[in-house]
Amino acid sequence: MTHPGVRQVTWQALQARRRDLARLGGWSLVEAVPALLSGYLVARAVDDGFLAGRPATGLTWLGALAAAVLIGAAATGRTYRRLGAVVEPFRDDLATRMVRGALHDATRTGAHPDNAALARLTHQLEIVRDTFAGLLMVTRGFLFSAGAALLGLLALAPVTAALAAAPLAAGLAVFLAALPAMITHQRAYVRTGEHLSHSAATALTAHRDVLACGAQTRVTTDVEHQVTAQATAERTLARMAAVRSLSLGIGGWLPLIVLLIATPWLIERGLTAGAVLGALIYISTGLQPALHTLLQGIGGGGLRYLVTLENILRTYPPPDTPHPTRPHPRPTADPAPAVEIRNLTFRYGPHARPVLDDLTLTLHHGDHLAVVGPSGTGKSTLAALIAGLLPPQTGTVHLAGHPVTGTDPATLARRRVLVPQEAYIFTGRLADNLRYLRPDADDHTLHTAIDTLGARPLATRLGGLDAPITPTQLSSGERQLVAAVRAWLAPAPLVILDEATCHLDPTLEATVEDAFAQRPGTLVVIAHRISSAMRAHRLLVLDGTETLTGTHEHVLEHSTAYRLLVDHWHQHTTAPVTTPTPPG
């Protein structure tokens, strides 16, 4: 049985391009003219020309056949043009669905990278595209060519049409009876290919851990098992080719044998030699090639199309109703805390030491928190937990009273914006990059953000809002600055800067952080420099053993780790930093 989604998606793709399909059918009808006339014209050339002693008449009939062949050849080129108009939009729609689905899955809370997604996008999508095109061509080819041949047989001698149609129907019946088993074996082949891709990618990605743990034999055995499984599935699939050969023998070759055996009987009933030859031509150049192409197309490409598309649709179901792109207005004070963390514990392995252990923290609307501590103490992990990119193993994280666990990515995006250290900038206009999180922002709003965050020199150098930018042509600091302006424009009330200004000079970093501090909402800064911590209203110190929150003066007095960080910073800089007065 086929997956209902395969039939629905295929039918929708064909329905959406009815006009192009109609043009394809029209040119296919013209292309079938030689198949319709070949046997009849040959019969006339033999009976009325060569056997009657009039070679000129025979050559005239054959000339008419040559003209029909030229007309069909010209139509063939047109059919391929029309085929592209049907297939390429279907491929683009499917690619969009796959990319959106992969990104949605990857951004779910606690999601892990899908190593098979690349195989689906680069390999399976092209299989669907090519086999969809092949199915259209072989199906319309069989319908028009076989139909034209049968009509020609009926016009030539109805009894020959009956002799050819019966074995043809029997061959198709045998093939259709074996089709469910072929589908099952094709499914097994596709799934073993995905399992092999996942197993190999996992082994290659974690090769250092494999070597460190001495697990080479175990991992190699697993990959070898997947290779063997795929090879077995491929051999089984190859054996099904025998069924196609049997069907072709019954439906394609048996009509020829039947017609040859029945030739004396047909001649006794008045059928001419030319008519017998014409009937043989209809079967050998019309019915038989059309059936062979159909069986090969459906038995090979058709099965790959069905199973591969079924697998894609199962992996990437239809998207939910899209959320409105217009951002929500920036909220005023929410009665629930902006961020509320209760008894949060997280570790990167079941037996690993907790990176965060029983952490409790509350941030109210308007708070400005800086998280400081040595490397490896869980600062970026905390940012990912607050943003909902990692699920807490124990405890809870709430944003504005809503748990991050189980919340879909689109809803999380409306509540918080996370700017990582490695800023993501895409090729396109500067304005498009800045509007990415706020599509309705006008040029005046963009210019205000650029000036507020000190990005005017960069925007001027690039050529303004309409200037095209390429990520590789920007420095790390310039990419961070563009990402910071984009995040400042976002409507989300909570901003998390995870060392998002580490490549900026101290003066520009201060400008950016001051702009976010004055922005309505709540700010969490994973501090790269102590100057960032000293600008915050509150600090959270993580030193790997305990946590401490409070003002700069409070943690400086009570945290040895923070005092060491401050002393180290003072030894390497003389830039003055003004400690702000907490609001209220």
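Colleague: Which residues line the largest cavity?
Modeller: This is a predicted model, in which local features need pLDDT of at least 70 and side-chain atom pairs count only at pLDDT 80 or more, while totals for chains, interfaces and linings use all residues. Residues are numbered from 1 along each chain as its sequence is written, and side-chain values use heavy atoms, with hydrogens and water left out. A cavity is a set of points, on a 1 Å grid over the protein atoms alone, where a 1.4 Å probe fits but cannot get out, and lining residues have an atom within 4 Å of a point. For the largest cavity these residues are Leu430, Leu434, Ile450, Ala455, Leu458, Ala459, Leu462, Val482 and Val485.

Colleague: Which helix gives the largest share of that lining?
Modeller: Helices here are DSSP runs of H or I with at least four residues, and strands are runs of E with at least two, numbered from the N terminus. At least two lining residues each come from helix 13 (430-434), helix 15 (456-462) and helix 16 (476-489). The largest share, three residues, belongs to helix 15.

Colleague: How much space lies in the largest cavity?
Modeller: The search gives three cavities of 30 Å³ or more. The lining of the largest cavity divides into nine nonpolar residues, no polar and no charged, where Ala, Val, Leu, Ile, Met, Phe, Trp, Tyr, Cys and Pro count as nonpolar, Asp, Glu, Lys and Arg as charged, and the others, Gly among them, as polar. A volume is the space filled by probe spheres set on grid points joined across faces, edges and corners. For the largest cavity, that space is about 50 Å³.

Colleague: What is the volume of the second largest pocket?
Modeller: A pocket is an open set of points with protein on both sides within 12 Å along at least five of seven lines. The second largest pocket has a volume of about 550 Å³.

Colleague: Which elements give two or more residues to the lining of this second largest pocket?
Modeller: The lining has 23 residues, and those closest to the pocket centre are Leu135, Thr139, Ile298, Tyr305 and Leu306. Two or more lining residues come from each of helix 1 (4-15), helix 5 (117-156), helix 6 (158-205) and helix 10 (273-315).

Colleague: What area does the nonpolar surface patch with Leu151 have?
Modeller: Residues of a patch have over 30% relative accessible area and no salt bridge, and nonpolar side chains (Val, Leu, Ile, Met, Phe, Trp, Tyr) are joined within 5 Å. Leu151, found in helix 5, has a relative accessible area of 53% and is therefore exposed, as exposed means over 50%, buried under 20% and partly exposed in between (1.4 Å probe, protein chains only). Together, Leu36, Leu37, Leu151 and Leu154 make a patch of about 330 Å².

Colleague: Is Glu499, with its positive phi of about 50 degrees, buried or exposed?
Modeller: Most residues other than glycine have a negative phi. Glu499 is not a glycine, yet its phi is positive, and it lies in the loop between strand 9 (494-498) and helix 17 (506-518). Because its relative accessibility is 17%, Glu499 counts as buried.

Colleague: In which strand does Asp358 lie?
Modeller: Asp358 is a residue other than glycine with a positive phi, near 55 degrees. Its relative accessible area is 46%, so Asp358 is partly exposed. The element that holds Asp358 is strand 2 (residues 356-363).

Colleague: Which residue meets Arg17 in a salt bridge?
Modeller: A salt bridge is a side-chain nitrogen of Lys or Arg within 4 Å of a carboxyl oxygen of Asp or Glu. With 3.1 Å from N to O, the partner of Arg17 is Asp93.

Colleague: Which residues are linked in a network of salt bridges?
Modeller: The whole structure has 20 salt bridges. In one of them the side chains of Glu513 and Arg535 meet at 3.1 Å, N to O; Glu513 is in helix 17 and Arg535 in helix 18 (residues 530-535), 22 residues apart. Both Glu513 and Arg535 are buried. The network links Glu509, Glu513, Arg529 and Arg535.

Technical notes
Patch = residues over 30% accessible without salt bridge, like charges linked within 9 Å, V, L, I, M, F, W, Y side chains within 5 Å. Areas by Shrake-Rupley, 256 points an atom, 1.4 Å probe, with all protein chains shown as cover.
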